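Biologist: I am new to this one. Please walk me through how to read it.

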Amino acid sequence: MDLQEEFLKKLRVALLENTTFPTNYIYKFIVPNEALKINQLMELFNFQGAVITTKDSKTNKYKSFTISVLSNSVDEIILKYREVTVINGIISL
């Protein structure tokens with residue numbers, strides 16, 4: 001099992017034990033500060049009414065994202081983490 005799948009398995013268990021749905025879920029990502037990658041991430045959350053805040057790294061090589069989205073189930077959250085893996089260099093926190 002790779003690290004991403006292990007992370008998602010642990011996340012699923014924690015969410016099932018500790019979360020009542022629907023809930024506002026907060027995603028945190030770090031992305032290389034490149035327009036294409038930033039646009040890819042924004043597109044994945046754009047249609048969901050997400051509240052997105054960003055911050056540039058000290059060296060301006062990376063951009064961090066905090067994204068709050070109303071989620072109706074654990075599966076919605078897990079699916080979104082799987083969708084962002086198409087963005088090369090993204091780090092999920």
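Predicted model: local features only at pLDDT ≥ 70, side-chain atom pairs only at ≥ 80, totals over all residues.

Biologist: Why do residues three or four places apart point the same way in an α-helix?

Modeller: An α-helix has 3.6 residues a turn, so residues at that spacing point the same way.

Biologist: Let us take one residue. Where does Ile78 lie, and is Ile78 buried or exposed?

Modeller: Ile78 lies in α3, which runs over residues 74-84. A residue counts as buried when its relative accessible area is under 20%. Ile78 has 2% relative accessibility, so Ile78 is buried.

Biologist: Which residues is Ile78 in contact with, leaving aside its neighbours within four places in sequence?

Modeller: Ile78 is in contact with Leu8, Leu11 and Arg12. Take another pair, Ile78 and Phe7. They are 71 residues apart along the chain, yet their C-alpha atoms are separated by 10.0 Å.

Biologist: Now Arg12. Which helix holds Arg12, and what is the relative accessible area of Arg12?

Modeller: Arg12 belongs to helix α1. Its relative accessible area is 30%, so Arg12 is partly exposed. Leave aside the neighbours within four places in sequence, and Arg12 is in contact with Val74, Asp75 and Ile78. Compare a position along the chain with a position in space: Arg12 and Ile26 are 14 residues apart in sequence and 15 Å apart, C-alpha to C-alpha.

Biologist: Let us step back to the whole chain. How many helices and strands are there?

Modeller: The chain has 3 helices and 4 strands. Read along the sequence, their pattern is α-β-α-β-β-α-β. The radius of gyration is 13 Å, close to the 12 Å that the globule rule gives for 93 residues, so the chain is as compact as a globular protein of that length.

Biologist: What box do the C-alpha atoms fill?

Modeller: Along the principal axes, the box is roughly 40 × 30 × 20 Å.

Biologist: What share of the residues is buried, and what share of the contacts links residues 24 or more positions apart?

Modeller: Buried residues make up 29% of the 93 residues. For contacts, count those with a separation of 6 or more. Residues 24 or more positions apart account for 71% of them.

Biologist: How do I read the surface and the charges?

Modeller: The accessible surface comes to about 6,100 Å², and 55% of this surface belongs to carbon and sulfur atoms. The chain carries 11 positive and 10 negative charges, with mean positions 8 Å apart.

Biologist: Finally, the backbone. Where is the cis peptide bond?

Modeller: Look at omega. The cis bond joins Phe21 and Pro22, with omega about 0°. Pro22 is in the loop between α1 and β1.

Biologist: And which residue other than glycine has a positive phi?

Modeller: Asn60 is one, with phi near 65°. Asn60 lies in the loop between β2 (51-56) and β3. Asn60 has a relative accessible area of 44%, so this residue is partly exposed.

How values were computed
Residues numbered from 1 in each chain as written. Heavy atoms only, no water. Helix = DSSP H or I, 4+ residues; strand = E, 2+ residues; numbered from the N terminus. Rg over C-alpha atoms; globule rule 2.2 N^0.38 Å. Buried < 20%, exposed > 50% of the residue type's maximum accessible area, 1.4 Å probe, protein only. Contact = heavy atoms within 4.5 Å. Areas by Shrake-Rupley, 256 points an atom, 1.4 Å probe, with all protein chains shown as cover. Lys, Arg positive; Asp, Glu negative; His and termini not counted. Charge placed at Lys NZ, Arg CZ, Asp CG, Glu CD.
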